[in-house]
Amino acid sequence: MKRSFAASLAMAMALFALPALAEPVKVVATFTILGDMVRQIGGDEVAVTTLVGPDGDAHVYEPTPADARALGAAKLVVVNGLGMEGWIDRLVKASGYKGPVTVTSTGVKPIAGEEEHDEAGHEGHDHGHDHGAHDPHAWQSVANARIYADNILKGLVAAAPDKAATLRANHAAFKAKLDAVESEIKAALKPIPRKDRKIVTSHDAFGYYGKAYGVTFLAPVGMSTESEAAAGDIAKLIRQIKAEKIKAVFVENIADPRLLEQITRETGARIGGRVYSDALSAADGPAATYVDMMRHNLAQFTKALAPAS
């Protein structure tokens, strides 16, 4: 009897130990928005390392030796592309990483260069600094976030084909969340006249949002926070805020607020709440996930744009 019990116990322990053999797939994402999308789709099947953390600025990030080690241990690397992470190629080379790289913006129709921005009404740029041919902030349109999700699913399934069924189920659930938040954005902005949908932010990160949802965004700094606002651009923006009586001015979580504080002093506009552009908040903040970020920004925008009662 003792021998039988011991044999049964050993068999039970072996069975319980089996799941531990299926370790989660190690994925490195360049910044928090992508890291969240990987977690939403990967669930328990992934272990995500995000290089640029909450409230961090991927434009000016400087990789660390720990980042190189993380890439060296990864099975998949997930990047935005469109020139967002100017440092990623150097980091991949330094780490010795030879595995697949998922470029989440593949298939997105990019906003191309300053000309298209100016035609769409996005002014206040420093023309000397941008990301090259394209605006990299494509995730600010939920339609593009769906493309990001599809690319991430493809990358994860290729890295872990045995987990495909779970990954596809998580992907479907995430896309349902995206559909819901996009409906909320369109419904909340609909009552606000198009001519009144004008918002000033720290840098030009909301071009895709503006194009998708009919909002004009103005910024003293161009697409990259590496830019410095030219005095002429600041003066032009101040004149426009005064002339058009723009009241919606927001500091981004990644930005130094001093420039916008100067602009509000000279225009009488008031800085509204903080909005999230290139990075999520910490887990206990208002924008801990991509969907949370889109809802939070929408609430801030509509509160500022709503006509005075």
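Arg146 is found in helix 6, which spans residues 142–159; helices here are DSSP runs of H or I with at least four residues, strands are runs of E with at least two, and both are numbered from the N terminus. The model is predicted, so local features need pLDDT of at least 70 and side-chain atom pairs count only at pLDDT 80 or more, while totals for chains, interfaces and linings use all residues. Residues are numbered from 1 along each chain as its sequence is written, and side-chain values use heavy atoms, with hydrogens and water left out.

Leaving aside residues up to four places away in sequence, Arg146 touches Lys175, Leu178, Asp179 and Glu182, where contact means heavy atoms within 4.5 Å. With Glu182, the side chain of Arg146 makes a polar contact of 2.5 Å; such a contact is a pair of N or O atoms within 3.5 Å, one able to donate a hydrogen and the other to accept it within protein, and residues adjacent in sequence count only if both atoms are side-chain atoms.

## Salt bridges

Side chains of opposite charge can pair when their charged atoms come close. Counting a side-chain nitrogen of Lys or Arg within 4 Å of a carboxyl oxygen of Asp or Glu as a salt bridge, the total comes to 7. One of them joins Lys175 to Asp150, with the closest N and O atoms 2.8 Å apart. Because Lys175 lies in helix 7 (residues 164–189) and Asp150 in helix 6, this pair ties together parts that are 25 residues apart in sequence. Asp150 is partly exposed at 32% relative accessible area, the scale being buried under 20%, exposed over 50% and partly exposed in between (1.4 Å probe, protein chains only).

Glu184 and Arg295 also meet in a salt bridge, at 2.7 Å from N to O. Glu184 lies in helix 7 and Arg295 in helix 11 (residues 290–305), so the pair ties together parts 111 residues apart in sequence. Glu184 is partly exposed at 32% relative accessibility, and Arg295 is partly exposed at 34%.

## Aromatic pairs

The structure holds 10 aromatic pairs, defined by rings of Phe, Tyr and Trp (its six-membered ring) whose centres lie within 6.5 Å, with planes under 30 degrees apart counted as stacked, over 60 as edge-to-face and the rest as tilted. Phe217 and Phe301 form an edge-to-face pair, 5.5 Å centre to centre with 65° between the planes. This pair links distant parts of the chain, since Phe217 sits in strand 6 (residues 216–218) and Phe301 in helix 11, 84 residues apart. Phe217 is buried at 1% relative accessibility, and Phe301 is buried at 1%.
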